[in-house]
Amino acid sequence: MEIRWLDDFIALAKTRNFSRAADERNSTQPTLSRRIKLLEDEMKVTLIDRNSLPLSLTPAGDVFLAAAEQISRIHHETKSRCIDILEQEKGRLTFAATQTLYLGFWKSWLQPFAEQEGIEVDHNLKSTAWMGADFVNAISSGECDLVLCYWHPSIEFIAELSDDRFEHIELCEEQLVPVTALGDDGQPLFSLPGTKPQPLSYIGYHASSFMQPVIKQFLQQHPNPPHLVTMNENVHSVSAKAMIKEGFGFGWIPSRLLQNNFRYNRMGLAGGKEWNIPIQIRLYRLKNNPNSNLNHFWQQLKYQINSQGVPQHLLEPERSA
């Protein structure tokens with residue numbers, strides 16, 4: 001049984017005439033007659049008394065009409081609501097970011113900014129568990145509209161986003177700083193560069209992370225390479241920070257994750273500024289993305305950054321480090 005058969009029957013019940021019902025349904029009389037017969041075959045009863053003038057409904061037809069009107073109404077209302085949802089989804093932006101940048105940028109800036117512009121943004125929390133290359137694949141395939149991530153020339157998998165299909169906004173600079181837990185005397189448990197007889201316990205990053213290639217290149221080019229023994233590797237800076245805080249070793253952490261730890265003497269620096277590593281925070285989009293709200297969001301965000309810069313509270317953690 002098809003919904004259009006019900007609408008045919010409702011039109012016939014209203015007009016009591018096959019010809020007028022066919023005109024109302026933009027159909028031919030033979031086609032409408034055939035559909036009514038199919039409907040009666042399906043229900044295994046006669047619904048129309050064809051011997052009366054004008055046509056009338058049989059008792060079964062009266063019962064069926066009430067049900068047909070209800071089913072048709074529910075169908076059309078549901079279809080209309082689904083279309084409305086589809087239109088809303090066409091304008092919704094899907095946002096993905098690393099775990100650290102979700103914590104530092106999403107709730108405190110980008111989400112309120114989007115709401116201020118009247119744009120609905122769906123934050124993909126699954127992305128906090130993604131490996132680095134997953135972000136490139138997601139934005140390339142249209143799985144997400146915006147990707148917030150770290151950038152450095154040593155990160156090979158992010159180089160794909162440098163071609164003409166994409167564009168980015170440089171939000172701000174970040175520093176990876178070497179940090180360590182403090183001993184009972186308030187002194188660092190680990191201090192760079194260490195020695196060959198006593199290498200430093202190092203909490204590092206997995207090869208698929210954003211940070212690993214950045215730190216690796218920095219250490220290879222450093223004039224006084226440190227002596228390290230890797231104790232643990234992580235994908236996310238938050239996980240590395242937890243290991244470092246417990247005293248398992250030292251490691252490089254984005255400075256904005258460390259504001260309160262420095263303020264309350266929970267962690268300290270494992271080396272001077274010569275051990276800091278600069279890195280950028282960028283927002284990427286696919287240029288030919290058809291999302292109707294993406295271009296508006298993008299242009300307004302660029303305007304705010306060019307005219308006002310990144311909100312001050314997002315820069316304070318960097319200075320605190």
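Let me start with histidine 236, which counts as buried because its relative accessibility is 16%, where buried means under 20% relative accessible area, exposed over 50% and partly exposed in between, with a 1.4 Å probe and protein chains only. This is a predicted model, in which local features need pLDDT of at least 70 and side-chain atom pairs count only at pLDDT 80 or more, while totals for chains, interfaces and linings use all residues. Residues are numbered from 1 along each chain as its sequence is written, and side-chain values use heavy atoms, with hydrogens and water left out.

Histidine 236 sits in the loop between strand S8 (228-234) and helix H8 (237-245); helices (H or I, at least four residues) and strands (E, at least two) are DSSP runs, numbered from the N terminus. Not counting residues up to four places away in sequence, histidine 236 touches Gln99, Thr128, Ala129, Trp130 and Tyr205, contact being heavy atoms within 4.5 Å.

Now to the strands. S5 (residues 146-151) has five of its six residues buried, and two strands pair if DSSP finds at least two bridges between them. Strand S3 (residues 93-97) runs parallel to S5, joined by three bridges, with phenylalanine 95 opposite leucine 146, whereas S5 and strand S11 (residues 277-286) run antiparallel with five bridges.

Finally, the largest nonpolar core has 70 residues, and Phe95 and Leu148 are among those with the most contacts inside it; such a core is a set of buried Ala, Val, Leu, Ile, Met, Phe, Trp, Tyr and Cys residues joined through side-chain atoms within 4.5 Å. Helix H5 (residues 99-116) gives the largest share of this core, eight residues.
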